[in-house]
Amino acid sequence: MMISKRVFERLACCYCRLHSQPSFIYHFRNFSLWSMKKDPDLEAALSRNRRWIVNNQIKNIILRCPNQVVPLEHLQKKFKTLDLQGKALNWLKKYPCCFEIYLENDEYYCRLTKRMIHLVEEEELVKDMQEPVFVQKLAKLLMMSVNQRLNVMKLNELKHSFGFPDDYIIRILPKHPEIFRLVNNGWRKSSMEIELLAWNPDLAVSAVEASAQKQGIEPCFSCSLPSTWIKSCQRFEEFNAIPYISPYLNPRGLEEGSKEMEKRIVGLVHELLSLTLWKKLSIVKLSHFKREFALPEKLNVLLLKHPGIFYVSNKYQIYTVLLREAYNGSELVEKNPLVVVKNKFGDLMQEGLHEYNQRRRVVNLEKKRKCMNLMKPERRKVASSAETSNQDDNGDTLGGLGRLFDPEERKRFYKVLFDER
């Protein structure tokens, strides 16, 4: 009786585990599929940047190496961090206009092509010209934070989204000691923060307020939804009726969960997206600034409530929020000079990829032609053997009748017949 009881307990435990797991999977799947109705143009804008991001990271790895040459073995080890599979050699061969591969001492090496080096130099020139813009962007980000401070490690996660160079701390902060200060109270790298020392009221104007000033109207959001989305448009109008709250105002006086607080958060996310190069951000990375920007716990839920302002996508299993009004189809309405240079990099990539595909097509056609040539003698042998077998078969079926129709054979036949009589 004791054994049966133990078996029953184990069965009950297994039953609970089996039935608890699907519910977790069900909720996980629901969360992963929980996004807006797909917009083909905006999805295309996201997919276009995917290959560019990977190759840009490879470019940065090469530039950091001595003599700007990297062994392929070293690059292969970095492939996991780039979220890539397969051989690095195969990937780099797809972009011959960007990367040059050569063999030396039985080891493959990779370096940038001359055209790619020219683009890198052009990008550096644009970054030097854009330095005042970087100063303004960094000041604006600090002005929107609760304590006018931002963690350096967290900011590094979004530095490329805002267009900051890799060495922005060394490049910007020492030149503007009256505006910025580097603080490290914990004496750890992870606790390093950038602090704003001087508030500039001229910079405390959001993109929404600047647009309203040009049009001579009250600050309000614009809806970028088709007229068929009736309910969403109605909800947007109700939300837009609430007075606009600047993201540069301190949120401490606002009640958490109120409509005013929601208006301020939507305005803050709108302003953050306006400061980025491609008007998009990873929601996960943005959520790391909950404390600094007073963001809600479920930020994605709030963004999904405003489809007229934001577009939320789960492409490549990464939650991304885009600013709808910044796009016309799949193209940006206004392009930053850095975006123009980076688009040239993308065009160079596409040119190399087209060249690679053309070369592969020629090789495949050549292989097919050789296979066909090898197959022809075999087919001839088969055909000739088939003909001989048919002739043999025809001869066997005719037998003596074939000889009967021969004139000489007929004479002999009749001679023998009459001689016997």
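## How spaces are found

On a 1 Å grid over the protein atoms alone, a pocket is an open set of points with protein on both sides within 12 Å along at least five of seven lines, while a cavity is a set of points where a 1.4 Å probe fits but cannot get out. Lining residues have an atom within 4 Å of a point. Grid points are joined across faces, edges and corners, and a volume is the space filled by probe spheres set on the points.

This is a predicted model, in which local features need pLDDT of at least 70 and side-chain atom pairs count only at pLDDT 80 or more, whereas totals for chains, interfaces and linings use all residues. Residues are numbered from 1 along each chain as its sequence is written, and side-chain values use heavy atoms, leaving out hydrogens and water.

## The second largest pocket

The second largest pocket holds about 970 Å³ of space. It has 32 lining residues, and those closest to its centre are Ala207, Ser274, Lys279, Glu325 and Glu334. Helix H10 (207-215) is one of the elements that give two or more residues to this lining, and H10 gives the most, with seven. Helices here are DSSP runs (H or I, at least four residues) and strands are E runs of at least two, numbered from the N terminus.

## The largest pocket

The largest pocket has a volume of about 1,400 Å³. Among its 45 lining residues, Ile53, Asn56, Gln57, His160 and Lys285 are the closest to the centre. Helix H2 (40-64) is among the elements that give two or more residues, and H2 contributes the most, with 13.

## Two cavities

Searching the whole structure turns up two cavities of 30 Å³ or more. The largest cavity has about 70 Å³ of space, and its lining includes Trp52, Asn56 and Phe345. H5 gives the most to that lining, with four residues.

The second largest cavity has about 50 Å³. Among the residues lining it are Phe162, Leu272 and Leu281.

## A stop at Thr276

Thr276 sits in the loop between helix H12 (259-275) and strand E7 (280-282). Is Thr276 buried or exposed? Thr276 is buried, with a relative accessible area of 2%; buried means under 20%, exposed over 50% and partly exposed in between, using a 1.4 Å probe and protein chains only.

Not counting residues up to four places away in sequence, Thr276 touches Ser161, Phe162 and Leu281, where contact means heavy atoms within 4.5 Å.
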